[in-house]
Amino acid sequence: MAKKKNGFLMYATAITIFIGMFNYRHRYEPEYEILKETDDAFASYRDGYVYIGREEFINSVKHEENDVLVVDERDSIDSNIKILDSYRITDKNAREDIINIIEEYEKNDPSIWSRSIETMKLEWFVHNVLYNLNYELTRTKDVDFENSEEESYKRFILSK
């Protein structure tokens with residue numbers, strides 16, 4: 001029974017990713033702003049604020065429902081940026097805003113972390129699909145953009 005369920009999940013995920021790849025390209029209209037250094041939030045996006053920082057800072061942030069919390073783990077063994085409760089962001093433009101904000105954050109404070117926008121968009125999409133299929137909810141509710149996963153997702157990016 002477990003093998004059958006896992007087989008179904010993998011099949012459904014593969015189909016969803018395949019369909020998603022054709023629908024993934026869309027007209028993107030940026031709607032975000034990098035805020036002044038004096039603000040707690042790093043940026044605002046179409047639905048709220050984006051807070052980025054170490055875990056201690058993120059745990060201390062008083063935020064609203066639509067705000068996005070991003071944990072900076074770029075100094076970990078597998079350099080990483082983690083978006084908490086990423087499953088809540090279902091709008092493609094909002095996800096792209098947040099990814100671009102993360103890129104701006106990296107430009108402002110360079111590190112060894114390095115992910116392409118295309119692979120982050122794909123990984124976030126896959127996490128959301130899996131979360132919506134109730135697959136390992138504790139792992140798929142947040143998206144981790146680890147350096148080590150760049151090559152895994154790069155294989156699935158269609159040439160433009």
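Buried here means under 20% relative accessible area, exposed over 50%, and partly exposed in between, with a 1.4 Å probe and protein chains only. By that cut-off Phe 145 is buried, at a relative accessible area of 0%. This is a predicted model, in which local features need pLDDT of at least 70 and side-chain atom pairs count only at pLDDT 80 or more, while totals for chains, interfaces and linings use all residues. Residues are numbered from 1 along each chain as its sequence is written, and side-chain values use heavy atoms, with hydrogens and water left out.

**View 1. The whole chain, for orientation.**
The protein chain has six helices and six strands, where helices (H or I, at least four residues) and strands (E, at least two) are DSSP runs numbered from the N terminus. Reading from the N terminus, the order is α-β-β-β-α-β-β-α-α-α-β-α. Of the 160 residues, 44% are buried. The accessible surface (Shrake-Rupley method, 1.4 Å probe; for residues, only the protein chains shown count as cover) comes to about 9,800 Å², and 52% of that belongs to carbon and sulfur atoms.

**View 2. Strand S4 and its two partners.**
Five of the six residues of S4 are buried, so the strand is largely enclosed by the rest of the structure. Strands count as paired if DSSP finds at least two bridges between them. S3 and S4 run parallel and are joined by four bridges; Val 50 has Val 68 as its bridge partner in S4. To get from S3 to S4 the chain passes through helix H2 (residues 55–60), a right-handed β-α-β crossover. Right-handed means that, with the strands pointing away from the viewer, the path from the first strand over the helix to the second runs clockwise. S4 and S5 also share four bridges, but run antiparallel. A six-residue hairpin connects S4 to S5, and Val 70 has Ile 83 as its bridge partner in S5.

**View 3. Ile 83 in the largest nonpolar core.**
A nonpolar core is a set of buried Ala, Val, Leu, Ile, Met, Phe, Trp, Tyr and Cys residues joined through side-chain atoms within 4.5 Å. The largest one has 21 residues, and Ile 83 and Ile 98 have the most contacts inside it. Elements supplying at least two residues each include strand S4 (68–73), strand S5 (80–83) and helix H4 (117–132). H3 gives the most, with six residues. Contact means heavy atoms within 4.5 Å; beyond its neighbours within four places in sequence, Ile 83 is in contact with residues including Val 68, Ile 98, Trp 124 and Phe 145. A second, separate core has seven residues, among them Tyr 51 and Val 71.

**View 4. Aromatic pairs.**
The whole structure holds three aromatic pairs. Rings of Phe, Tyr and Trp (its six-membered ring) pair if their centres lie within 6.5 Å; planes under 30 degrees apart count as stacked, over 60 as edge-to-face and the rest as tilted. Phe 42 and Tyr 105 are edge-to-face, 5.3 Å centre to centre with 90° between the planes. Trp 124 and Phe 145 have ring centres 6.4 Å apart and planes at 65°, so that pair is edge-to-face.

**View 5. Asn 128 in helix H4.**
Asn 128 sits in helix H4 and counts as buried, at 6% relative accessibility. Beyond its neighbours within four places in sequence, Asn 128 is in contact with Ser 86, Tyr 87, Ile 89, Thr 90 and Arg 95.
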